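Please look through the sequence and the three-dimensional structure below before reading on. The explanation that comes after is meant to be read beside them.

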Amino acid sequence: MEFTQFLNELWIARGALWQGFQLTVAVSALAVAFGTVLGLFVGMMLVYAWAPFKLLVRLYVDFIRGTPVFVLVLASFYILSVIGIQLNAFQAGVLAITVFCSSHVGEMVRGALQAIHRGQTEAAMAIGLTFRQTFQYVLMPQALRQILPTWVNAATEMVKASTLLSVIGVAELLLSTQQVISRNFLSLEFYFFAGLIYFAIDFSIERFGRYLERRLAAY
Amino acid sequence: MDYRLNFDAVWRSFDLLLSGLGLGLGLAVISIFLGSLIGLVAAFAMVSRNKVWRTIAVVYVTAIRNTPILVLIFFTFFALPQMGVRLGKVESFVVTLTVYAGAYLTEVFRGGLAALPRGLREAGLAIGMTEWRTNLWVIIPVMIRNVLPALSNNFISLFKDTSLAAAIAVPELTFYARQINVNSFRVIETWMVASLMYVVACYVIAAGLRRVERKLAIPR
């Protein structure tokens, strides 16, 4: 009886939940994409930049990593409008998670670049490659292969962090679930359902990461 | 841009922010302590020969680790009362964070157990200790000392997760920061101070834990 009622309500709410799901995927995908590009630069700066720049980037990374994502989301949402940057909640949220993602990817890239043996650079220099060519053809391919599994796991973190946008009013999956619950009061069932969807997303991403790890380890 | 920084409103409520920071730290300490107990039990379950225990532990860890903590917080706070479990907001948050910490710490301890040499258990059994005593007096102390760095990382990230308690109105740092932000409109100042407090707290905790790690490290 109760379960059929839940299914009935689920059917009624399908549109809202589907839209929430799409927003969740959009937020995560955008944040991971932008965050990765930014993070690559951050990581490179942390290794190769001129010392004062390096210090600045280090401060940026440490500051972001020491601040809870929730505070980043709230700060981004409230501060940007005050300093005259007009972003809606969705954009402010994506920005916050992008920044969060960039600090994680930055540290990964730094670790990977520093783990590459010096001999690689020396060999590249010896055959006459410029620094740019060395980086592009020798260092980066190796670093990217090494960070790939961790990077995939970071993607699951971004999906989870996207739930925080519900607090600033972005109707992603969690907020649309709450809106549905406020209509039918089936909080147990619908929170469970939302959890299940997030689980499905993150679990498949995590499995994909494991798969990549195995594939790449074979080389 | 014409914006003059004015920290008055923030300083006036600074003691609130501090008490919020204290509450956050307290929540993190309690949760990591209780979570460690869960994590220890679940880690032993994961490496046990009993398939039922193993399955329960794996399901627990996988389910919790792949669900956003905010969903867990709302589930405990809003959905459990439907099943007749009524908790205050602080208790409800502690329960959530404990269960969440437990899942992550299980992985840490499992890794620690797997890294121990077989001889350690055999040595314990050989001098006539029971299975239980070997675990309690030999395996666990050595394993915990090995995984201290991972424990520290988890503690810091759990401390940052206490900011989410603001979502169910637990009066910790983020909650007060939001309140000051809304009441005074000193937006930039509020979030600057709040995030700086988190950063400094994380830095101090990290430094403190590193000292503990060095003290307890197994001499090589």
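The paragraphs that follow describe the chains, the contact between them, and some individual residues.

This is a predicted model, in which local features need pLDDT of at least 70 and side-chain atom pairs count only at pLDDT 80 or more, while totals for chains, interfaces and linings use all residues. Residues are numbered from 1 along each chain as its sequence is written, chains are lettered from A and ligands numbered from 1 in the order in which they are written, and side-chain values use heavy atoms, with hydrogens and water left out.

Chain A contains nine helices and zero strands, where helices (H or I, at least four residues) and strands (E, at least two) are DSSP runs numbered from the N terminus. Its C-alpha trace spans about 75 × 50 × 25 Å along the principal axes. Of the 219 residues of chain A, 47% count as buried; buried means under 20% relative accessible area, exposed over 50%, and partly exposed in between, with a 1.4 Å probe and protein chains only. Among contacts (heavy atoms within 4.5 Å) in chain A between residues at least 6 apart in sequence, 75% join residues at least 24 apart.

Chain B has ten helices and zero strands. The C-alpha atoms of chain B fill a box of roughly 75 × 50 × 25 Å along the principal axes. Buried residues make up 46% of the 220 residues in chain B, and its accessible surface comes to about 11,500 Å², with 66% belonging to carbon and sulfur atoms.

How do the two chains meet? The size of an interface is often given as the accessible area lost when the parts come together. Here the area buried between chain B and chain A is about 3,100 Å², of which carbon and sulfur atoms give 73%; buried area is the accessible area (1.4 Å probe) that two parts lose on being put together, summed over both. In chain B, Asn66(B), Gln82(B) and Trp191(B) lose the most area to chain A, together 19% of what that side buries. The contact takes 33 residues from chain B and 34 residues from chain A. Seven residue pairs, both at pLDDT 80 or more, are in polar contact between the chains. A polar contact is a pair of N or O atoms within 3.5 Å; within protein, one must be able to donate a hydrogen and the other to accept it, and residues adjacent in sequence count only if both atoms are side-chain atoms. In chain B, the helices α3 (51-65), α4 (69-79), α9 (173-184) and α10 (187-216) each supply at least two residues of the side that touches chain A, and the largest share, eight residues, comes from α10(B).

Thr174(B) counts as buried because its relative accessibility is 1%. Leaving aside neighbours within four places in sequence, its contacts include Phe70(A), Val71(A) and Leu74(A) from chain A, and Trp191(B) from chain B. A polar contact of 2.8 Å joins the side chains of Thr174(B) and Tyr198(B).

Charged pairs come next. Side chains of opposite charge can pair when their charged atoms come close. The count is ten salt bridges over all chains, a salt bridge being a side-chain nitrogen of Lys or Arg within 4 Å of a carboxyl oxygen of Asp or Glu. Across the interface of chain B and chain A there are zero salt bridges. Within chain A, Arg58(A) and Asp62(A) meet in a salt bridge at 3.0 Å, N to O. Both lie in helix α3 (residues 51-66) of chain A, four residues apart, about one turn of the helix. Arg58(A) is partly exposed, with a relative accessible area of 26%. Lys160(A) forms a salt bridge with Glu157(A), the closest N and O atoms being 3.6 Å apart. Lys160(A) is buried at 8%, whereas Glu157(A) is partly exposed at 30%. In chain B, Glu131(B) forms a salt bridge with Arg121(B), with the closest N and O atoms 2.6 Å apart. This pair links helix α7 (residues 131-146) and helix α6 (residues 118-126) of chain B.

Key
Accessible areas come from the Shrake-Rupley method with a 1.4 Å probe; for residues, only the protein chains shown count as cover.
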